[in-house]
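Here is a short briefing on one protein structure. Keep the sequence and the 3D view open while you read.

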Amino acid sequence: MALSGVKNDRGELRILENLDELRTDLADYIAELSEAAVKERGVFAIALSGGSLIGLMGKLCEAPYNKTVDWAKWYIFWADERVVAKNHSDSNYKLAKDGILSKVPIVPSHVHSINDSVSAEEAADEYMFVIRQLVKTRMVSVSDISDCPKFDLILLGMGPDGHIASLFPNHAVLDETDEWVTFITDSPKPPPERITFTLPVINSASNVAIVVTGESKAEAVHLAIDNVEPNCPSLPARLVQPTKGKLVWFLDKPAASKLDNLQFSE
Ligand SMILES: O=C1O[C@H](COP(=O)(O)O)[C@@H](O)[C@H](O)[C@H]1O
C-alpha cells in the first residue's frame, strides 16, 4: 500500500510499497502529465535523466500506456548527459533509447540528444542553442518569471551523495545561474565529462519528479527532505525547489526509511 502526503515545503512524497507499485505509479503520473500538456499546449516537453530512473519508467512501454500515450507529441531532452559516444554504455541517450525510446512510437526528430563529437563545452553550448530555438517556437514553454525554458516535466534520479542531474555536492556548477545548460569535466562519478541543466532551469519546470530507490540513498533522502540541523545548503537534491511548478518524490520504502515523523494517509 502506498503512503503519500506533503512534507514541509519539500513537495509531495509518494512512498510505494515495492518497486512494482512504484513503476506503476510513475507510469500513471507521466501519462497523466503528458495528457494534460498535450491538451493544453499540443505537445509534451519532457527531460530525462540517466541511471536507475530509466528502468523504473519501463511500464510506459507496456499496455495500456504504449497505446494510450500520445507519443507523437513528445519532445525528449536530457537533464544531463555524459559526454561519450551515443553508442557507449555510459551514454544516458543510449540507456533511454534501448530502454524506452526504441519501444514506443516517438518521432525521431523530436529526440534532442547532445552532439557527441565535440567537447563538453561545445556540446553544452549547442544543446542550449537547440533548446533556445524550441523555446522560440514554443515547443518548449518559457517561464513567466525568468527567461528560462519551462519544461512540462523534468525527471531526476538522485545519487547516494545527493546529486541530481550532473549537479554534484559542493561543486561550483551549483552556482551557475547565467546558463541554461553547462558542462563539467571533473565529475566525481565517472565519466568525468558531462553536460547538465542548471538549477534555474530545473526550478523553472512545470513539474519535477525525483525518483529514488534503495537503502543506500536513505540518508541523502533524509537530508534532502527533512528539516535537519545544520541544514545542507549544498546538497543538490535539496536545492530542487520549483518556483511555480510542482515537485513530487517517488520513493520506495528502503529509500524512505530514514525520513522523520512520517504521518501520511494510506
Ligand atoms: O550519473 C548519474 O547519476 C544519477 C543517479 O543515478 P542512479 O543510477 O543512482 O539513479 C542520474 O540521475 C544521472 O542522470 C546520471 O548521469
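Pro64 sits in the loop between helix 2 (52-56) and helix 3 (65-68). Helices (H or I, at least four residues) and strands (E, at least two) are DSSP runs, numbered from the N terminus. This is a predicted model: local features need pLDDT of at least 70, side-chain atom pairs count only at pLDDT 80 or more, and totals for chains, interfaces and linings use all residues. Residues are numbered from 1 along each chain as its sequence is written.

**Cis bonds and positive phi**

- The peptide bond from Ala63 to Pro64 is cis, with omega near 0°.
- Pro191 is in the loop between strand 9 and strand 10.
- Most residues other than glycine have a negative phi, and most peptide bonds are trans.
- Ala165 has a positive phi, near 50°. Ala165 lies in the loop between strand 8 (153-156) and strand 9.
- Asn170 is found in the loop between strand 8 and strand 9. Its phi is positive too, about 60°.
- Are these two residues buried or exposed? A residue is buried if 20 or more other C-beta atoms lie within 10 Å of its own, exposed if 12 or fewer, and partly exposed in between; C-beta atoms are placed from the backbone.
- Ala165 is buried because 28 other C-beta atoms lie within 10 Å. Asn170 has 10 such neighbours, so Asn170 counts as exposed.

**Helix 5**

- Helix 5 covers residues 120-136. At 1.5 Å a residue, its 17 residues should span 24 Å, and its end C-alpha atoms are 24 Å apart, which agrees. The expected span is 1.5 Å times one less than the number of residues.
- Ala120, Ala123, Ala124, Tyr127 and Ile131 are buried in helix 5. Seen down the axis, the buried residues of helix 5 fall within an arc of 100°, so they line one face. The arc is that of the directions from the helix axis to the C-beta atoms.
- An α-helix has 3.6 residues a turn, so residues three or four places apart point the same way.
- The face turned away from the buried side of helix 5 carries the exposed residues Phe129, Gln133 and Lys136.
- What covers the buried residues of helix 5 includes strand 7 (149-150), strand 9 (181-184) and strand 10 (194-197). Contact here means C-beta atoms, placed from the backbone, within 7 Å.
- Just after helix 5, Arg138 takes a positive phi of about 65°.

**Strands**

- In strand 4 (residues 74-78), 5 of its 5 residues are buried. Trp74, Ile76 and Trp78 are on one side, with Tyr75 and Phe77 on the other.
- In a regular strand the side chains alternate between the two faces of the sheet.
- Strand 3 (residues 44-48) runs parallel to strand 4, joined by 5 bridges. Two strands pair if DSSP finds at least two bridges between them. Ala45 stands opposite Tyr75.
- In strand 2 (residues 12-16), 4 of its 5 residues are buried. Strand 2 pairs with strand 12 (residues 246-252) in the parallel sense, over 5 bridges. Trp249 in strand 12 is the bridge partner of Leu13.

Notes: Contact = placed C-beta atoms within 7 Å.
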